[in-house]
There are 2 protein chains.
Amino acid sequence: MKRRDFIKSAGVGVIATSAMAISPQVVAAKAEFKWKMVTTWPKNFPVLGTNANYLAKTIEDMSGGRIRIKVYGANEFVPAFEAFDAVSRGTAQMGHGAAYYWKGKSEATQFFAAIPFGMTAQEVNGWLYHGGGMPLWEELYDRFNLIPTAIGNSGVQMAGWFRKDINSVDDLKGLKMRIPGLGGEVLKRAGGTPVSLPGGEIFTSLQSGAIDATEWVGPYNDMAFGLYKAAKNYYYPGWHEPGSTLETFINKDAFAKLPADLQAIVKHACKDANMDMISEFTAKNNIALDTLVNKHGVNLKPLPDDVLIKLHALSNEVVQEIVDRDAFSQKVYASYSGFQKQVMRWSDVSEYAFMRARNL
Amino acid sequence: MKRRDFIKSAGVGVIATSAMAISPQVVAAKAEFKWKMVTTWPKNFPVLGTNANYLAKTIEDMSGGRIRIKVYGANEFVPAFEAFDAVSRGTAQMGHGAAYYWKGKSEATQFFAAIPFGMTAQEVNGWLYHGGGMPLWEELYDRFNLIPTAIGNSGVQMAGWFRKDINSVDDLKGLKMRIPGLGGEVLKRAGGTPVSLPGGEIFTSLQSGAIDATEWVGPYNDMAFGLYKAAKNYYYPGWHEPGSTLETFINKDAFAKLPADLQAIVKHACKDANMDMISEFTAKNNIALDTLVNKHGVNLKPLPDDVLIKLHALSNEVVQEIVDRDAFSQKVYASYSGFQKQVMRWSDVSEYAFMRARNL
């Protein structure tokens, strides 16, 4: 998924939400702080956009209405591409997006969103909150007068929708696939052609054969997008986005003006939202996957091992090049990869070994 | 792990914490509500006890000191066994423990803590927050004038410490193992002898050979407990506790007296704490595992497949008997197992498939 696609796909898969309904108690209170939250998603976009509403409502409820936060969908107040700058200069007080959208500001932002073959949601949160990740993220965003934190995670995404089978590394050659960012760079090195397409053109391009494949998010968002009608092969796992962190970024001056209790409310509301999003994705993806397979006849398939091995090797190359050319990326990656190397051993004997045991 | 063992092991592995330090702003505010939180852990017990401190501090910080919560370790105010009743009758306003400790009140409580071969942390939270779990838990605790919610998860625990190798199902026969609850019942049906021992006697019993094996929690807590000095074989995965939910329970009358903003603060602080605990366990278990293997020469081993298959079949028997004899358990299990069956398919193509791919 990429920011620009969400913007162009406004209205697709949007669900009504009453999450912003204000309780009588809150309305009665006097708002001491009126904040704007600019988001990189269409208003009410399922899970990603509704999480912004949930976060705003949580802060309002806990503050008894002392902070009121108006949530703006992409382009409602500022263009989605400008959310980061808008909050940096204080035009809005708060933003909601994903850190890899700002790689033009610093390539190191990508380590706070998703890295191909990187860490899962549970692992990333261990790193952020108790493994040294958050202080590095704060240091990076401090340059931009921003305070960042996590407000959600997609969990492992899907590899995408393919018109033809992928049986070997050779099948990646010449493959025209809509896959942005680092994943796209990896596909390119495997001989494929990453294509950049606005969200609104993905479906028709896949259906017409103008592209051979596309990735999006996971079963819940992909089903709402109707991609199963354009290609029947649904491959897993999402090697390019194994646990994408979603973020908020807060203007430092606006935050400093809050009294200590409201500062605590804003910060803890974000951690609550982080728990809520992965839980919502887990619940909704599992239902959607069931519907896709059992109702819509989707062919659910694993990418072959040799393909995964090749993509992993190429991913390491791509990440290493970032680390080699950017000093702060080097610093972040030392922490990230050090944690990952160690936590993988723990995940292997805990989460992985148990899930394997359960299926015997 | 079981409540009584934590009580008896007070002082073991306890770390100093400054989590309860109150910021100047908070001290300045007038406390409108003074609450007692009774816990089932020794004061400051690593992760489980310190999470209670973290939760209390989060609520105090967000409320600007309008709620002050004094955290009591097991037996400091009421015996740990009586925490549930104490909060139920309003002697304390809040408790901190794990729902399976109250199976004497209702066998259905166990589904809100841990079930052998049940769901992982991420799956359980999906069920609780977005899959129908929380309303059932609230309905169950309403009988006791309590409001429950999750405040943490251990993640997948370890199978335990064994003096001898476990090579087949036959090696479980006659095995004297300290393993309480449903896991103990399963071991018994496999021909073993589950032993109940207070925490303070586990180490010496294992060292002397009075018992052949013991489970405890995971690498971080197990290392603090020194179990690696008494047995070198450390088996995984923790089939008996694959994602144990830790809980708080709040007196309904005390909660009803709070204004809406403080009610929101208490509820959201719990969800924040839930995110914090699994993150802390993930970070600390991975470091401890590394130390146990590379510094203390522990033999890290998987339970053989035939053993896991046998334990799974016996676990299903044990759970089914609970469901057959208890109406509310039947209702909860219909929801729990329905969600698990479906989410396992999603976990298999997301978390599991990715962790496998990453290791190729």
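How many residues of chain B are in contact with residues of chain A?

1. 70 residues of chain B are in contact with 70 residues of chain A, where contact means that the C-beta atoms of two residues, placed from the backbone, lie within 7 Å. On the side of chain B that touches chain A, α3 (48-62), α5 (121-130), α11, β11 (299-302), α12 (305-325) and α13 (327-358) of chain B each supply at least two residues. The largest share of that side, 22 residues, comes from α11(B). The helix and strand names follow DSSP runs, numbered from the N terminus: helices are H or I with at least four residues, strands are E with at least two.

2. **What kind of model this is.** This is a predicted model, in which local features need pLDDT of at least 70 and side-chain atom pairs count only at pLDDT 80 or more, while totals for chains, interfaces and linings use all residues. Residues are numbered from 1 along each chain as its sequence is written, and chains are lettered from A and ligands numbered from 1 in the order in which they are written.

3. The complex receives an ipTM of 0.92 and a pTM of 0.92 from the predictor. pLDDT is the predictor's confidence in each residue, from 0 to 100; chain A has a mean of 92, and 92% of its residues reach 70 or more. Residues 6-28 of chain A are a stretch to treat with care: pLDDT stays under 50 there, although the model has 52 contacts beyond four places in sequence for them. Where pLDDT is low, the predicted coordinates should not be read in detail.

4. **A five-stranded sheet in chain A.** This open sheet has the order β2-β1-β3-β10-β4 (chain A), with mixed pairing; two strands count as paired if DSSP finds at least two bridges between them. At the edges stand β2 (67-72) and β4 (146-153) of chain A, each with a single partner strand, so one side of each is left without a neighbour in the sheet. Direction ignored, neighbouring strands are turned by 25 degrees against each other on average; angles come from lines fitted to C-alpha atoms, for helices over the stretch in contact, and run from 0 to 180 degrees between N-to-C directions.

5. **Inside that sheet, and on it.** Strand β3 (residues 94-97) of chain A runs antiparallel to β10 (residues 245-251) of chain A, and four bridges join them. Met94(A), for example, has Ile250(A) in β10(A) as its bridge partner. Helix α6 (residues 133-142) of chain A packs on the sheet and touches β4 and β10 of chain A, with its direction at about 130 degrees to that of β4(A).

6. **A six-stranded sheet in chain A.** Here the order is β7-β6-β8-β5-β9-β11 (chain A), again open and with mixed pairing. Its edge strands, β7 and β11 (299-302) of chain A, each pair on one side only. Two bridges join β6(A) to the parallel strand β8 (residues 213-214) of chain A, and Met177(A) stands opposite Ala213(A) in β8(A).

7. **A covered helix.** Seven of the nine residues of helix α7 (residues 181-189) of chain A are buried. A residue is buried if 20 or more other C-beta atoms lie within 10 Å of its own, exposed if 12 or fewer, and partly exposed in between. The cover over the buried residues of α7(A) includes β6 (176-178), β7 (193-195) and α12 (305-325) of chain A. Just after α7(A), Gly191(A) has a positive phi of about 100 degrees.

8. Helix α11 (residues 260-294) of chain B has 35 residues and reaches 51 Å from its first C-alpha to its last. Of its 35 residues, 26 are buried, so α11(B) is largely enclosed by the rest of the structure. Strand β1 (residues 33-39) of chain B is also largely enclosed, because five of its seven residues are buried. Six bridges join β1(B) to the parallel strand β2 (residues 67-72) of chain B, and Trp35(B) has Ile69(B) as its bridge partner.

9. **One glycine to look up.** Gly238(A) lies in the loop between β9 (233-236) and β10 of chain A, and is buried, with 29 other C-beta atoms within 10 Å. Beyond its neighbours within four places in sequence, its contacts include Val156(A) and, from chain B, Phe354(B).

Notes:
Expected span 1.5 Å × (residues − 1).
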